[in-house]
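The paragraphs below take up a few places at a time.

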Amino acid sequence: MDTQTEKLELMQLLLNTDSAEVLHKVKVLLKKYASKSETAHLLSTKANRDHILEGIEQLNKREGKAIKTSDLWK
């Protein structure tokens with residue numbers, strides 16, 4: 001059986017389950033996967049990695065400053 005078929009069968013099983021425990025575990029796994037995917041995307045280019053590392057370095061030197069999220073869109 002190929003991977004695509006196995007994925008479809010798994011999805012069908014999930015759709016047909018009433019088990020709150022199973023659904024919770026799947027939700028947790030999907031959140032972890034999404035988080036890893038986002039991190040991989042943010043670190044996918046040298047420019048992004050350098051920018052993130054520079055920000056971390058600034059925070060470690062206490063050079064960061066607090067801002068209100070509402071001020072981000074002005």
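Predicted model: local features only at pLDDT ≥ 70, side-chain atom pairs only at ≥ 80, totals over all residues.

**A walk through the helices**

With a relative accessibility of 49%, Leu10 counts as partly exposed, a term for residues between buried (under 20% relative accessible area) and exposed (over 50%), with a 1.4 Å probe and protein chains only. Leu10 is found in helix α1, where helices (H or I, at least four residues) are DSSP runs numbered from the N terminus. The C-alpha atom of Leu10 is separated by 42 Å from that of Leu72, which is 62 residues away along the chain.

Residues are numbered from 1 along each chain as its sequence is written, and side-chain values use heavy atoms, with hydrogens and water left out.

Between α1 (3-16) and α2 (20-42) there is a loop, and Thr17 is placed in it. The side chain of Thr17 comes to 3.1 Å from the backbone nitrogen of Ser19. When residues up to four places away in sequence are not counted, Thr17 touches Val22 and Leu23, a contact being heavy atoms within 4.5 Å.

The next element is α2, whose 23 residues should span 33 Å at 1.5 Å a residue, and this agrees with its end C-alpha atoms, which are 33 Å apart; the expected span is 1.5 Å times one less than the number of residues. Helix α2 is hardly covered, since the count of buried residues among its 23 residues is zero. Ser35 lies in this helix α2, and with a relative accessible area of 41% Ser35 is partly exposed. From C-alpha to C-alpha, Ser35 and Trp73 are 24 Å apart in space, and they are 38 residues apart in sequence.

How many salt bridges does the structure hold? The structure holds three, where a salt bridge is a side-chain nitrogen of Lys or Arg within 4 Å of a carboxyl oxygen of Asp or Glu. One of them joins Lys25 to Glu21, with the closest N and O atoms 3.2 Å apart, and both residues lie in helix α2, four residues apart, about one turn of the helix. An α-helix has 3.6 residues a turn, so residues three or four places apart point the same way. Within this pair, Lys25 is partly exposed at a relative accessible area of 48%, whereas Glu21 counts as exposed at 52%.

In helix α3, Asp50 and Lys46 are likewise four residues apart, about one turn of the helix, and their side chains meet in a salt bridge at 2.8 Å, N to O. Asp50 counts as partly exposed, with 37% relative accessibility, while Lys46 is exposed, with a relative accessible area of 54%. A salt bridge also links the side chains of Glu57 and Lys61 (3.2 Å, N to O), and Glu57 counts as partly exposed at 45% relative accessibility.

The last stop is a nonpolar surface patch of about 410 Å², made by Leu42, Leu43, Ile52, Leu53 and Ile56. Such patches are made of residues with over 30% relative accessible area and no salt bridge, with nonpolar side chains (Val, Leu, Ile, Met, Phe, Trp, Tyr) joined within 5 Å and like charges within 9 Å, and the areas come from the Shrake-Rupley method with a 1.4 Å probe. Helix α3 (residues 46-60) gives the largest share of the nonpolar patch, three residues. Ile52 is placed in helix α3, and at 31% relative accessibility Ile52 counts as partly exposed.

Key
Helix = DSSP H or I, 4+ residues; strand = E, 2+ residues; numbered from the N terminus. Polar contact = N/O pair within 3.5 Å; in protein donor to acceptor, adjacent residues only side chain to side chain.
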